[in-house]
Amino acid sequence: MAIEGYQEAGVRKTVVRSVAALVGMFAFAFALVPLYDVFCKVTGLNGKVDTTAQAIVHEEVDQSRFVTMQFITRGSAGLPWQMSVETRQMRVHPGQTAEVDFTFTNNSAVESWGRAVPSVSPSSATTHLRKVSCFCFQEQQLQGDERLTIPLVFQLARDLPEEINTITLVYTLYPVQRIALQTDQNNNSAGDNI
Amino acid sequence: MAPKLPPQHPLQHSSTAVAGSQSQEGHAHHAPPKGILRWLLTTNHKEIGSLYLIFSLTMFFVGGIFALVVRAELFQPGLQLVEPEFFNQMTTMHGLIMVFAAVMPAFTGLANWMIPLQIGAPDMALPRLNNFSFWLLPVAFALLLSTLLMPGGGPNFGWTFYAPLSTTYAPASTTFFILALHIAGISSILGAINIIATILNMRAPGMRMMDMPLFVWTWLITAFLLIAVMPVLAGVITMMLMDINFGTSFFDAAGGGDPVLFQHLFWFFGHPEVYIMILPAFGIVSAIIPTFARKPLFGYASMVYATAAIALLSFLVWAHHMFIVGLPLTAELFFMYSTMLIAVPTGVKVFNWVTTLFRGSISFEPPMLFALAFVVLFTIGGFSGLMLAIAPADFQYHDTYFVVAHFHYVLVPGAIFAIMAGVYYWLPKWTGHYPNERLAQCHFWCSIIGVNLTFFPMHFAGLAGMPRRIPDYALQFADFNLLSSIGAFFFGASQLLFVLVVVLCVRGGQKAPAKAWEGAVDLEWSVPSPAPLHTFDTPPVFHRAQTHD
């Protein structure tokens, strides 16, 4: 072809730069995954709650307002468990510590592992919901036909934004593929066996 | 099979031999291989351009047949013709084929044919790479179409393939879908690199960036968009691949992943992608309207800046596809306003086209008819886009037929009408013959009736609450769907006229001179019609026209 010498150098430069941009964008796409997680953790954007226990902060309970806490539990395919909650809805004051019991039932005769993954809506409430104790911090093991009740202890921070009157906390059960050997440390948390 | 579009015999036709020798004698081109090998091995930008266009036209009909299966099922309420599972595969494949195999290759084909001619280059900068990027496409889409025959069927999760529908709950063939999309993506990326390298380095001496025809400008910006976002698509489908086959949990909440992340990543690719499908259309229309209004384009520089502005804004609006995933209020507001902001540069463009027409000496040849229909109907699509940009309203419109109506208005009478306008405009240059005026007019009027009959009622069906991607619907939507289905079959059938016009034009017709249209100014009109296989072997002298200043 009739590509002049100076053009060839230019073409080479353009190609090198474009390929560099391509590789950069491909890497950027993967970098977005941890970036998204960090971003969500800081802002609570996708309703992901901290998965470690937080200490109760002793602050004066704000008696002037009530916030409605709603609890939703959902099963998922592949795990023959049922999850229920003692009350679907409760009213709490910001600053107040509250406790609610969740019950896990294994409907099959085989032991299995599962995990309840939480999500908070609206997402702007996420960072204001402190969980002192939650089954969602660990994976659970249930023997065949076992029933297990575990409390959730939580506190709403006093600086919860004014416009939030209702907070929905959703737990979805997911199966965990795991060989049931290292059960010890998990059994500790499963205190209230029935 | 071997299509005969670009003639191999140079210089048997008339007129103005500007721009250096078009003859083959001066150069030692060894004789091209004959038959199928000629097409497999060609490195000529015109032949590759024709291959792209023929491939795209074929896929346009394949995707069109899928659409007609959908419309036939929706002709009346209840399940008549196909199983819901197959219906889902048809909606998905229609979208994938039309986006990745029809519209995008058509624009790449036009770019291959016209960019070297418009900037006075002898060929694309990387001719062998060009051949490779074309031949990846038939491989990719043969693979994609073959999934329909696999056990469990083809992709059935919509062209947006949201996880976990496309990972945890996907058919077994999804891995092939991912591979096909990877190959198609590599093809687009290589094409984009080639186009950038050509435009930046191979312009005729004296042609500044701001002298380039707008089709070249819009394609340059499109190519940058492709380079920026196709790797993100590749990343997303690679993550899907790993979630499906290697036990990772990028998009699986059970393993700590997040399905909403998929939507963020997908639309970070997806929104620039929709501009990839419309920016070259702006370029084509900006070439055609001045030609047939016999006036220079109004506001050339503002057209360039508006295109660049649209491209930049396209990276800041992706979450307007996700208003209902539970974004915080500030994010809803940000994406709502940034989306509405796009109406400003787009409005500049529409204003410039209309102002170019103002007091022009207008004639209504087929390319002009399609270009004018583009301006009007694309603007309607833009307005419904503005309605969808209003976050609170979108809570109602989301995933209804209103959305379907919106993007079909910007893609069918938008992108596809612009491609057809471009084909009618440049056919005399490609074949040396004018397309049959009467048939082309007939094709235009049938298309415009068909398009509006198909897609206009969808606005009302959507506002009344009819959801997308559902094979059955409530009785109150029956009339709208009846109209849409009749329109779709009418539109589909009238595209056969288009094939007829193109075939007739390749075979013969009224001879076209080098400058086939009276008002045309760009460099491609300085080479003979049909354009010989090799043009601008010595660079033309570029005379700055009064047009662009």
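A crossing of two helices is left-handed if the near helix is turned anticlockwise from the far one by less than a right angle, and right-handed if clockwise. In this predicted model, the crossing of α1(A) and α5(B) is right-handed. The two chains meet through 27 residues of chain A and 30 residues of chain B. Chain A itself holds 2 helices and 9 strands.

**Chain A overall**

- Along the sequence, the elements of chain A run α-β-β-β-β-β-β-β-β-β-α.
- Chain A has 194 residues, of which 25% count as buried.
- Among contacts in chain A with a separation of 6 or more, 79% are between residues 24 or more positions apart.

**The sheet**

- Five strands of chain A form an open sheet with mixed pairing, in the order β3-β1-β9-β5-β7.
- Its edge strands are β3 (89–92) and β7 (140–142) of chain A, each of which pairs on one side only.
- On average, neighbouring strands of this sheet are turned by 30 degrees against each other, direction ignored.
- Strands of a sheet pair through backbone hydrogen bonds, either parallel or antiparallel.
- The pairing of β1 (residues 67–74) with β9 (residues 166–176), both of chain A, is parallel and runs over 7 bridges.
- Arg74(A) has Thr172(A) in β9(A) as its bridge partner.

**Helix α1 of chain A against helix α5 of chain B**

- Two packed helices are described by the angle between their axes and the distance between the axes.
- The axes of α1 (residues 5–43) of chain A and α5 (residues 174–201) of chain B come within 9 Å and cross at roughly 140 degrees.
- α1(A) is therefore oblique to α5(B).
- On the α1(A) side, the residues that meet α5(B) are Gln7(A), Gly10(A), Val11(A), Thr14(A), Val15(A), Ser18(A) and Leu22(A).
- Their counterparts in α5(B) are Ile189(B), Ile193(B), Ile196(B), Ala197(B), Leu200(B) and Asn201(B).
- Sorted by class, this contact of α1(A) with α5(B) has 8 nonpolar, 5 polar and no charged residues.

**The side of chain A that touches chain B**

- Contact between the chains involves 27 residues of chain A and 30 residues of chain B.
- Two or more residues on the chain A side come from each of α1, β5 (112–121) and β9 of chain A.
- α1(A) gives the most to this side, with 15 residues.
- By class, the residues of chain A on this side are 17 nonpolar, 10 polar and no charged.

Key:
Residues are numbered from 1 along each chain as its sequence is written. Chains are lettered from A and ligands numbered from 1 in the order in which they are written. This is a predicted model: local features need pLDDT of at least 70, side-chain atom pairs count only at pLDDT 80 or more; totals for chains, interfaces and linings use all residues. Two strands pair if DSSP finds at least two bridges between them. Helices (H or I, at least four residues) and strands (E, at least two) are DSSP runs, numbered from the N terminus. Axes are lines fitted to C-alpha atoms, for helices over the stretch in contact, and angles run from 0 to 180 degrees between N-to-C directions. Angles under 35 degrees count as roughly parallel, over 145 as roughly antiparallel, 65 to 115 as roughly perpendicular and the rest as oblique. Two residues are in contact if their C-beta atoms, placed from the backbone, lie within 7 Å. Ala, Val, Leu, Ile, Met, Phe, Trp, Tyr, Cys and Pro count as nonpolar, Asp, Glu, Lys and Arg as charged, and the others, Gly among them, as polar. A residue is buried if 20 or more other C-beta atoms lie within 10 Å of its own, exposed if 12 or fewer, and partly exposed in between; C-beta atoms are placed from the backbone.
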